Amino acid sequence: MATVAEPAAAGPMVPRRYRVRGSTVETADTTTIALEPLDDPLPEPAPGQFHMLWAYGVGEVPISVSGDRGSDGVLLHTIRSVGAVTAALCGAAPGAVIGLRGPFGSSWGLDDAAGRDVVVLAGGIGLAPLRTAVARLLAERDRYGRVAVLVGARSPADLVFTRDLERWRGRFDADVEITVDHADAGWHGDVGVVTRLLPRATFDPAGTVALVCGPEVMMRFASEALVDMGVERRRIRVAMERNMKCAIGHCGHCQLQHLFVCKDGSVLAYERVAPLLGVREL
């Protein structure tokens, strides 16, 4: 009697169904959605990786994971509404079903940072791809040297994860500093670009790994400031997330000269992208 072969395990390209458990409005145009699996859950993503989120009948977009998966398999994704697909995802009500593929891309490489000081620099929604890395650094605090988390935003209203920021600032084993470009009447913190916080952070440049995410101009200036302080270019990691669309380097939307950001990154060593970040045409 012939036997029926067991079906092969689904790879990262096969969508799995996830249901919206709830959502949190972060800013006027940014929402974090919590997704619970209806099918077998996807493999656990490493900090810095991304998923392809599929809004049925609308389209698909790459979104970084912004929250560690708990024992129940729930995933968090923080999304800025900038088009039809992201608007549909931000507006998805509890119970709505969304397709997920992945995880894709490179990670922040936290294992390689063990025993070293770690500096995290985030600009605006760039904190979203870094959130899982910060959570891992603080949860495994004994594995690392000094930890500094430096966050900037255009205004107080543009800060994301404000509860996390307050909780992180309440710890005594990490330096957490926040600044905004433009303050309002209720803001009593620092005003200025995020790189102005670097001189206040305590770390040994020769033994430091830096994780940087934000607008490209911010990443360029922040990375060069770190280099000027003595941090090696190869130990500065930036998340490009530039025009990604297909996740496998096929469509060419995210091509950056010889790199495909979705396939080669999106987390890349600064020494690989430093010559490219300053080229306006790219």
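Helix H4 (216–229) gives the second largest pocket the largest share of its lining, three residues. The model is predicted: local features need pLDDT of at least 70, side-chain atom pairs count only at pLDDT 80 or more, and totals for chains, interfaces and linings use all residues. Residues are numbered from 1 along each chain as its sequence is written, and side-chain values use heavy atoms, with hydrogens and water left out. Helices (H or I, at least four residues) and strands (E, at least two) are DSSP runs, numbered from the N terminus.

**Second largest pocket**
- A pocket here is an open set of points on a 1 Å grid over the protein atoms alone, where a 1.4 Å probe fits, with protein on both sides within 12 Å along at least five of seven lines; lining residues have an atom within 4 Å of a point.
- The second largest pocket holds about 390 Å³ of space. Volume is the space filled by probe spheres set on the points, with grid points joined across faces, edges and corners.
- Its lining has 18 residues, and Gly123, Gly124, Asp181, Pro215 and Met218 lie nearest the centre.
- Strand S7 (117–123), S8 and H4 each give two or more residues to this lining.
- Nine lining residues are nonpolar, five polar and four charged. Ala, Val, Leu, Ile, Met, Phe, Trp, Tyr, Cys and Pro count as nonpolar, Asp, Glu, Lys and Arg as charged, and the others, Gly among them, as polar.

**Largest pocket**
- The largest pocket holds about 730 Å³ of space.
- It is lined by 27 residues; Pro62, Ile63, Val82, Ile125 and Glu241 lie nearest its centre.
- S4, S5, helix H1 (84–90) and H2 each supply at least two lining residues. S4 gives the most, with four.
- The lining divides into 16 nonpolar, seven polar and four charged residues.

**Strand pairing**
- Strands pair if DSSP finds at least two bridges between them.
- Strand S2 (residues 30–37) and strand S5 (residues 75–80) run antiparallel, joined by six bridges. Ile33 has His77 of S5 as its bridge partner.
- Strand S4 (residues 59–67) also pairs with S5 in the antiparallel sense, over two bridges. Gly67 has Leu76 of S5 as its bridge partner.

**Helix H3**
- Buried means under 20% relative accessible area, exposed over 50%, and partly exposed in between (1.4 Å probe, protein chains only).
- In helix H3 (residues 162–169), Asp164, Leu165 and Trp168 are the buried residues. They lie on the same side of H3 because they cover an arc of only 100 degrees around the axis. The arc is that of the directions from the helix axis to the C-beta atoms.
- These buried residues pack against helix H2 (127–139), strand S8 (147–153) and strand S9 (175–180). Contact means heavy atoms within 4.5 Å.
- Arg163, Glu166 and Arg167 are exposed on the other side of H3. Glu166 has 52% relative accessibility.
- Glu166 and Val176 are 10 residues apart in sequence and 9.1 Å apart in space, C-alpha to C-alpha.

**Backbone points to check**
- Gly102 and Pro103 are joined by a cis peptide bond, with omega about 0 degrees. Pro103 lies in strand S6 (residues 97–104).
- Gly265 and Ser266 are also joined by a cis peptide bond, with omega about 10 degrees. Ser266 is in the loop between helix H5 (261–264) and strand S15 (267–269).
- Ala247 is not a glycine, yet has a positive phi of about 80 degrees. Ala247 is buried, at 6% relative accessible area.
- Gln257, also not a glycine, has a positive phi of about 55 degrees. Gln257 is partly exposed, at 46% relative accessibility.
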